[in-house]
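Have a look at it first, then read on.

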Amino acid sequence: MSIVKEAPKKNGFLAGTANYVDERVGAAGILKEFGRKIFPDHWSFMLGEVAMYSFFVLLLSGTFLTFFYDPSMAMVRYDGVYAPLKDSLMSKAYETSLNITFEVRGGLLMRQVHHWSALLFVAAAGLHMLRVFFTGAFRKPRELNWVVGFVLFILSMAAGFTGYSLPDDLLSGNGLRIIDGMIKGVPFIGTNISSLLFGGEFPGHVVIGRLYALHIMLIPALILVFLAVHLFMLIIHKHTHYSGPGKSDTNIVGYPLMPVYVAKAGGFFFIVFGVIMVISTFFTINPIWNYGGYDPSPVSAGTQPDWYIGWLDGALRLAPTGLEFMIGDYTVSMNILLPLVISLVFLGLVAIYPFIENWVTGDKREHHALDRPRNAPTRTAIGATGVTFYAVLWAGASTDLIATHFKMNLNQVLLAMQISLILLPIAAFYITKRVCLALQRKDKEIAIHGRESGRIVRLPHGEYIEVHEPLDPYDLYKLVDYKDYKPTLARPNAQGKITVGARVRASLSKFYFQDRITPATQAEIAEATHHNAELEAQVQKAIESGK
Amino acid sequence: MKRLRSKINGMRRSPRALGIVMFAGLLVVGTGYTAVSASVSPNREVVRTQEQIDLGKKIFLANCASCHGKNAEGSVNAPSLIGVGEASVDFQVSTGRMPGAASGPQLEVKPVQFTLEETAAMAAYIGSLADGPSIPDAAYLQANGNASSGGELFRINCAMCHNAAGAGGALTQGKYAPQLMGSSAKTIYEAMITGPQNMPVFNDANITPEQKNDIITYLTYLQNNSSVGGEELGSLGPVSEGLMAWLGLLGLLVIIAVWLAAKSN
């Protein structure tokens, strides 16, 4: 009887399960490794999370939509509840999209959730990319993860575009027609590629089914794979953090994943989901019933793609006319090729930027502390140039709406945009760079002389001075902790020759760093502090002597 | 049989054949067109009293003649109004477009300047000068046609300028196609038959009165039924949706992220 009493106390259900799992898959080791991962706290580190969560929402709502959607281009007569389309001839794809909208319970909400979260997904990914760029988070060891993220961004645009076309309504059909035109504009092979894609002449009978296969299988699978790689690399590299007292390239300061971040991130997922649901409930997106089924003859005014394709549409609209020429029997359509080439070059530069900067600086150290954008003036200016270039192309996609809503002349809007596309990025570069340098000078001034206290004192010999208060070390740290790169010279290689590469690198290095502001040195700060102390003593003496 | 076919082929190759075929074709098209166009402009009985015409002329001389000329013959500033019809006057004046405030790419909709009687009198005066499109028969303005066929006609004939949802669109050099969500059935009909400003004329051979009624039915449906999906964001399509996604959705989430990551004091 006493034996029963002395039996080891049974662990609870939770502990039992934990032990069971641990003994079989080594959960304790995994939890120890991941649970102790440190994540620093900053709102800008949550943008990538927003993108990831909206992708999860996309998977959930998309799965719902697949239950009711049929990607068939077979023509049917509409017999649903939406009166203004009764008896219209339309594709099965459009009919089932309408049925999801009007007849499936919760279908319209799910469609709107899916579409709004798609827009959010790409937007959040884009903003996340900008954060990574402007804080220099792409530097060693994270260059490859930048490329993975870039691929994810392209995949998200591809996912968006293939999905945009699926309802087979007039709006998306017009968009597909533009893509068809762009493909056909590629010299020599364009026509053949187009008929391969569309299974003959546009629109054909197969393209919706093919886009559907890409949209629900290949592209999401690729996104998942790249997302896994992206996160895996994040775990390997550890997260970056903003520089500050006690935070450097050799450590990482923040909260552990378990339990703080799991709770925060889990909660944030539901917030993102909730916000998407609220917006989807109250705001219409893509009212396909207004557009009617696709028919190649009508083209609606105000036909635009979703925002993430807008910059490409803008590039097409802003292309100057009359540049076509013939090679033999082939027309080389520069109005299509020029935007295509410019867009590809732009994307290429974005993809390889970390390697360019790394090559210019020659910096082989690891960086885990982020730059304040002002402390990398040339990079920030290059970023601003890119953003401005993108923004003008983006605005170019809505020239017609700008013209009607601001009562302007469409042709002049277009011309202004064409000029802006060249001038504004250049202006953005210089303005941003000057602003960064000015901010750096101000920081240096404050670091050395301290903060203006607003206290004006008259010295015995009549001089007025403003007393500066020295900064406390915590505030000072932020102002002086940044890397100072000097322009490098082109040096001869082992054969004693200065290669073209070395020259290019030297001139780029000069372009980046020639007008840099060096951080305030220890000596400068010490001297200034000493000077301040002397002044303060003088002031005190004057006060004591009763003057 | 074979011989006949070769004979026909022989005739087909003769140099005269082309001329004969062309002549026959033109004859068929010409007589056909005359027959059709005669059949589609029914001479509806127009009631206009001499009193109305006199009043209309008076108003015209006081308000319109400075640009359109004393006898509505037009000037360098404004077109002749002889033959534009009552529908044209009614459309321009009852929407406030006329009298125009300033010369520009396009006449704007403004507060209406004349009463219904005054407008009708002016219309009667202009109508009395020469035949033209008359005020549409109320039978075609009931919005009781087929919305589905109206929608299809609208997308094929109107949407390239007025947008598939009737939200309007830009034309060249500052001109534009206005949005149609506030337009009355009569205004829409009159616009189709008179082709105001940059709009082409959709005469009765092009779109029959019944089809015009269908289009009006479709637009009335759009006017009376707001979007089932919630706030429409101006029916402007992906541009306003993109703006909403960035400012509304992502903006809100960024604010929440700032709040979540804020250090508690």
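Gln173(B) sits in the loop between strand 1 and strand 2 of chain B. (Helices, H or I with at least four residues, and strands, E with at least two, are DSSP runs numbered from the N terminus.) Its phi is near 50°, a positive value in a residue other than glycine. Gln173(B) counts as partly exposed because 13 other C-beta atoms lie within 10 Å. For that label, buried takes 20 or more other C-beta atoms within 10 Å of a residue's own, exposed takes 12 or fewer, and partly exposed is in between, with C-beta atoms placed from the backbone.

Before going further, keep in mind that this is a predicted model: local features need pLDDT of at least 70, side-chain atom pairs count only at pLDDT 80 or more, and totals for chains, interfaces and linings use all residues. Residues are numbered from 1 along each chain as its sequence is written, while chains are lettered from A and ligands numbered from 1 in the order in which they are written.

Now for another loop residue. Asn198(B) is in the loop between helix 9 (185–194) and helix 10 of chain B. With 14 C-beta neighbours inside 10 Å, Asn198(B) is partly exposed. Setting aside neighbours within four places in sequence, Asn198(B) touches Leu171(B) and Lys175(B); being in contact means that the C-beta atoms of two residues, placed from the backbone, lie within 7 Å. Gly56(B) is 142 residues away from Asn198(B) along the chain, and their C-alpha atoms are separated by 26 Å.

## Chain B as a whole

Chain B has eleven helices and two strands. Starting from the N terminus, its elements go α-α-α-α-α-α-α-α-β-β-α-α-α. Of its 265 residues, 38% are buried. Among contacts in chain B between residues at least 6 apart in sequence, 67% join residues at least 24 apart.

Chain B is divided into domain 1 (50–129) and domain 2 (138–224), with bounds from an automatic or database domain assignment. Taken over C-alpha atoms, the centres of these two domains are 23 Å apart. Twelve residues of domain 1 of chain B are in contact with twelve residues of domain 2 of chain B.

## Helix 11 and the meeting of the chains

How do the two chains meet? The contact takes 52 residues from chain B and 56 residues from chain A. On the chain B side, the largest share, 18 residues, comes from helix 11 of chain B. The residues of that side divide into 32 nonpolar, 15 polar and five charged. Here Ala, Val, Leu, Ile, Met, Phe, Trp, Tyr, Cys and Pro count as nonpolar, Asp, Glu, Lys and Arg as charged, and the others, Gly among them, as polar.

So what does helix 11 of chain B look like? It has 24 residues (238–261) and should span 34 Å at 1.5 Å a residue, which agrees with the 32 Å between its end C-alpha atoms; the expected span is 1.5 Å times one less than the number of residues. Helix 11 of chain B bends by about 30° at Gly251(B), the bend being the angle between axes fitted to the seven residues ending there and the seven starting there. Its buried residues include Met244(B), Gly248(B) and Leu253(B). The buried residues of helix 11 of chain B pack against several helices of chain A, among them helix 4 (47–66) and helix 6 (107–134).

## Over to chain A

Chain A has 20 helices and ten strands. Its radius of gyration, 30 Å, is well over the 24 Å that the globule rule gives for 547 residues, so chain A is more spread out than a compact globule.

| Peptide bond | Form | Omega |
|---|---|---|
| Lys140(A) to Pro141(A) | cis | near 10° |
| Phe202(A) to Pro203(A) | cis | near -5° |

Pro141(A) is in the loop between helix 6 and helix 7 (143–165) of chain A, and Pro203(A) is in the loop between helix 9 (190–198) and helix 10 (207–237) of chain A.

Asp168(A) has a positive phi of about 55° although it is not a glycine. Asp168(A) is buried, with 26 other C-beta atoms within 10 Å.

Methods: The radius of gyration is taken over C-alpha atoms; the globule rule is 2.2 Å times the number of residues to the power 0.38.
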